[in-house]
Amino acid sequence: MCLPNKKLRQPCGRHRQGKASANSEIPAIPSVLCRISHPISALTPLTFGMADQKGTKRSSVESDAQDSKRIKTDDKPNPYLAHLNMDGANDFKSPLDEMERHNTTALQAAKAEDSDINPWTGKPHSENYFKILRTRRDLPVSKQREEFLELYHKTQILVFVGETGSGKTTQIPQYVLYDEMPHQTGKLIACTQPRRVAAMSVAQRVANELDVELGQEVGYSIRFENRTGPKTLLKYMTDGQLLREAMHDPNMNRYSCIILDEAHERTLATDILMALLKEIAHRRNDLKIIVMSATLDAQKFQSYFSLRKEDPPAPLLAVPGRTHPVEIFYTPEPERDYVEAAVRTVLQIHAVEPEGDILLFLTGEEEIEDACRRISLEVDDMVRESDAGPLAIYPLYGTLPPHQQQKIFDKAPEPFRKGGRPGRKCIVATNIAETSLTIDGIVYVVDPGFSKQKIYNPRSRVESLLVSPISKASAQQRAGRAGRTRPGKCFRLYTEKAFKKELIEQTYPEILRSNLSNTILELKKLGVEDLVHFDFMDPPAPETMMRALEELNYLACLDDDGGLTKLGSLASEFPLDPALAVMLISSPEFYCSNEILSITSLLSVPQIWIRPNNNRKRADEMKAQFAHPDGDHLTLLNAYHAYKGAEQNGEDVKKWCHEHFLSFRHLSSADNVRAQLKRIMETHEIELVSTPFNNKDYYTNIRRALLAGFFMQVAMRESSNSKIYKTVKDDQMVMIHPSTVVSSPYDWVVYNEFVLTTKQYIRTVTNEIAPVYYDVDTFEKGEIKSALVRLTEKVKRRQAMKGGY
Amino acid sequence: MFMGGFAFKSDMPLLFRVRVFLAPATLYLAHGLISFIALTLIPRFIKNSPSTSNNEHWPRLKTLATSALSNNLTYYPSAVYPPYQPQTLKMSTTNNNNHPQEEEEEDDYMSPLFLAPPTTTSSALPIKESSLQRRARLKREAEARSRPKSKAELAQEAELQREKAHSTSLLASKPQSKGLAMMAKMGFRPGSTLGSSSSGSAEPIRVSIKEGKEGIGLESERKRKLKELVENMEKTEKKIKVGEVDYRERMRQEREEQRLEGQVRGAQKVAEGLDSERAKERGEEMGKRRLKGIPVVWRGLVKVREESERDRRMRRDLEEHAMSRLPTYDDGDEDADDRKALGKKKVVYEVAEDLDEEDEELDEFNGLTGEEKLRRLVEYLRKEHHYCFWCKFKYEDERMEGCPGLTEEEHD
């Protein structure tokens, strides 16, 4: 049984540790515990209508963040910028001086770009600059610079359509830069990207193009990493980052122009930003907005951005991409095994088709690695038996280490001998390669028609990544990848009939496929009162919003009237899921905020456990070393402490991780996330405390703190010797994921993730229950209700006994 | 080297050519057969079971059947002990709670209670259960409870639960959600959608789980094939079902149909003869080369004739070509006799120009019953030619004196 058999221990002021322990990475050990008889304060009166059971519970904190600074969020115009201009004016005559803001021409701008002195730094242009400038002038978008500027001057909101490869992401912000003159106004230009990697790499590219140092005039800002400075004029950022900034700058006063790039991807943050910017545009006539999309589905954006009802749709500028015709082939019959069919197709292409690289789309890491293995085995045979050319195979997926991702840009291998059959490369990728990455040389695309998509259903609270058929629009995108350098071919592993009948037109925007509790909290923080009539481009289902509000209410982030509570306001400061944020904020009450901080960081990065296919047994043995009988959260903590211990002992951490089958990359990024979160906690004066390690309540306290955030994700064992659990509120039958360390079955478990594959699993579980979180009256009659009632009575009895009456 | 996949050719058409490899194909067939059996046989089995005639009950019955072993001794009169239901039944009881426990109420002649003389007050007073019986019952119940469920059962249960959750809207759930209350304060009414315009969707996106590595379209293709198979089975089943009792009736009907068709053909021939005769008399050229110019009542006759003629000719041409050179080849040495012998003499034969065109009028006519066709023909002949098909006589004028009437019976 897993009853909380001790009274909840509460730290009291007298015994709280001072700064010294709060700051140490390894939990310091407070001397005495203080017993308080009243129950948990911040979160106690939680009525509980329906239980929660969430899917992927990796929080939104992303992984590999590096050295970082806190986001600067001042509303005032940046005084340094004006200063910079004054400085520059003394030194040289800038071509910018002749240009009038919002009245420039492409010719003027070109002249400024051609000048020997860099108008933004005052330093002479490097040779490389002019080399890049020539290639920039060749981009399709360059021919329409004048047209763009004219339209930009005329309107407040502009929709810009340019296919991948048109140069819009790098060039348009620069065109705006030469027109907005941020050094005069002190207001920045922002360009959002849906992906962190894109924000970083594009910023680097544009810094090169402008011949400035990254982080100075051109910078980027992603979660946990801010490379901008006082001189920054142009800032690339993730859409989520801009949304977070909006919480403290509701009018976006720092910016004079905001460019939403890759709007066709319709990420959650982009959708919310569009609605917000539409509102801000009413208030701020001087704010210019450009919505950039790679697909021709621009009408929707145009009509959405006509600010008032009587206004015409927002003007559109379209730039043709550099595309060649792509021939499309379908299979005559549906495939029995799309991976097998894909492998065969790649091999056939390699055997008979002329030179040109291959891009194969698959759904996930495991599938991709498997396909790569199979292709390379077969190719070896082909080379031996039928004199085929060499084939280099590269996997590509999100969790691949960056240096391996870079390999896809390597040149195709040379033929084995002079005059031999040409070599080619084959990239096996997830849908990252669909829009966000441009790989030249691809001539053949193999499209089985599936991708992994996030899906959320408020009714069962399933939130999972599921393999689903792609949409027609994304099938066209995929085919388009084949025509980047020359006419190409796209092999679709489904019939034409299936394409027409079974694929949906457009991929559902993320807002329809997500749990919105985080978004609703953000909107509340942004001051949106009427969520029901909020101008979503694609409004989510009412039940989704209902669930989100409900969950935030349980977490005490919203009061019963829907008002933001103090806790809610504080929770929104953390770039975490509300449940994780609440757990973190309330952890000092359980005297274990250091540990909960570590656990939160570990839950915010991808799995730290490595389990290679060829060495599973050894990996499991190694994991068993860290195993804690109470569950996976504590096992994670053990591993982290061991990692930090190894680091302090001066061991080679990389080697240590390799030996222990732990991911160094993910552990170090967890370390980094921890540092960021710690800073936020310090800013908001949330104390960092620990229970002494040798105190018998060390782990009990952590378990209780876990429950403070995740009491909605609790499952009860069905019967005493069953492996089946039932989630407390949704009554869904689940099993504990085989990766768990929990061997003795507990009656109650709190879990981090609800994984839906062909079975329903809960992952990362720890044994704990506290009936205090549940308002039993709201439960439907059944086993779980009666079990909870029994438990409540037991706890009451125990308290009465201890209380001594 | 390749077992299957695409076969590329330099002049490859827009479609892939796939060589089907044998072993997987047979496996696939076997799989199809198994699922076919599962779909067709199991429901039928259930249809035949005496306890119910309703197909909707079958998921419930299936769980019953699996737990029947541990269950069949627990049938006590329901007034005495509430019939024990194993846990597997729980979800189905909520689904169809309108089923009185028919199965359980049936007397179980294996039960010791069956032999015991019924007490008059049995429905009012509980029968005393001996301690041994009680122990045995409890033991049985505990065993049933503790029996580990098979993976398939569990998967089915989980899926059922999920489906149930996915198909019930939360907006109507009781007690009302706090989230909904908050939304109501913002002006939301159940049934409406979110957003400033009413463009949003009221329903969340459905979750569908893909199992295995099947390609797009395979599932629906398989369903389609299965459906066809089932339909065919049903058709043959129906035919058999007609049974021996109806045999005579059926034979009689078939003969009657044949006779009518024969009469229709006869009447059509008469009509054709009379029409062309009249046309000749009037000196008109019958629009023979255009089918649509022919009255619909006998157009079918001509069409069939033309078609068979064309087929015959095509076959003959084909045979000739197969024996000789290409039809375009012209041999200078041939004289007129050679050509005639080789059948190369240009035969002037033209099919009706609209032979292949769609002809709705004719299709409609062909769709009629034999009786109706005949009636129309008889009417046509009477009206146009004052000819009675039954008297086989062409009358002088439209009064047609002496003809007893329109139908065959009247001529008996």
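What follows is a walk through some strands, helices and salt bridges of this structure.

Please keep in mind that this is a predicted model, in which local features need pLDDT of at least 70, side-chain atom pairs count only at pLDDT 80 or more, and totals for chains, interfaces and linings use all residues. Residues are numbered from 1 along each chain as its sequence is written, chains are lettered from A and ligands numbered from 1 in the order in which they are written, and side-chain values use heavy atoms, with hydrogens and water left out.

Let us start with strand S7 of chain A, residues 288-293. Helices (H or I, at least four residues) and strands (E, at least two) are DSSP runs, numbered from the N terminus. Six of the six residues of S7(A) are buried, so the strand is largely enclosed by the rest of the structure; buried means under 20% relative accessible area, exposed over 50%, and partly exposed in between, with a 1.4 Å probe and protein chains only. In a regular strand the side chains alternate between the two faces of the sheet. Here, Lys288(A), Ile290(A) and Met292(A) point one way, while Ile289(A), Val291(A) and Ser293(A) point the other way, and all are buried.

S7(A) has strand partners to look at next. Two strands pair if DSSP finds at least two bridges between them. Strand S1 of chain A (residues 157-162) runs parallel to S7(A) and is joined to it by five bridges, with Ile157(A) opposite Ile289(A). Strand S6 of chain A (residues 255-260) also pairs with S7(A) in the parallel sense, over four bridges, and here Ile259(A) stands opposite Ile290(A). Together with helix H10 (residues 268-283) of chain A, S6(A) and S7(A) make a right-handed β-α-β unit. A crossover is right-handed if, with the strands pointing away from the viewer, the path from the first strand over the helix to the second runs clockwise.

Now to the charged side chains. A search of the whole structure finds 61 salt bridges over all chains, a salt bridge being a side-chain nitrogen of Lys or Arg within 4 Å of a carboxyl oxygen of Asp or Glu. One of them joins Arg284(A) and Asp286(A), at 3.3 Å from N to O. Arg284(A) counts as buried at 6% relative accessibility, whereas Asp286(A), at 41%, counts as partly exposed. There is also a network of salt bridges in chain A, linking Glu113(A), Asp114(A), Arg136(A), Arg137(A), Arg145(A), Arg205(A) and Glu209(A).

Another pair is Arg478(A) and Asp447(A), whose closest N and O atoms are 2.7 Å apart.

S13(A) leads us to a sheet. Six strands of chain A form an open sheet with parallel pairing, in the order S9-S16-S13-S10-S12-S11. Its edge strands, which pair on one side only, are S9 (326-330) and S11 (391-396) of chain A. From one strand to the next the twist averages 15°. Within the sheet, S13(A) and S16(A) (residues 488-492) pair over four bridges, and Tyr444(A) has Lys489(A) as its bridge partner.

Further along chain A, strand S20 (residues 748-756) is mostly covered, with nine of its nine residues buried. It pairs in the antiparallel sense with S17(A) (residues 714-717) over three bridges, where Ala715(A) is partnered by Val749(A). S20(A) and S21(A) (residues 760-767) are likewise antiparallel, over seven bridges, and Phe754(A) stands opposite Ile762(A).

Finally, we turn to helix H11 (residues 296-323) of chain B, which holds Glu309(B) and Arg313(B), four residues apart, about one turn of the helix. Their side chains meet in a salt bridge of 2.8 Å, N to O. Lys303(B) also has its place in H11 of chain B. Leaving aside neighbours within four places in sequence, Lys303(B) is in contact (heavy atoms within 4.5 Å) with Leu291(B), Leu355(B), Glu357(B) and Leu362(B).

Terms used: Axes fitted to C-alpha atoms, helices over the stretch in contact; angles between N-to-C directions.
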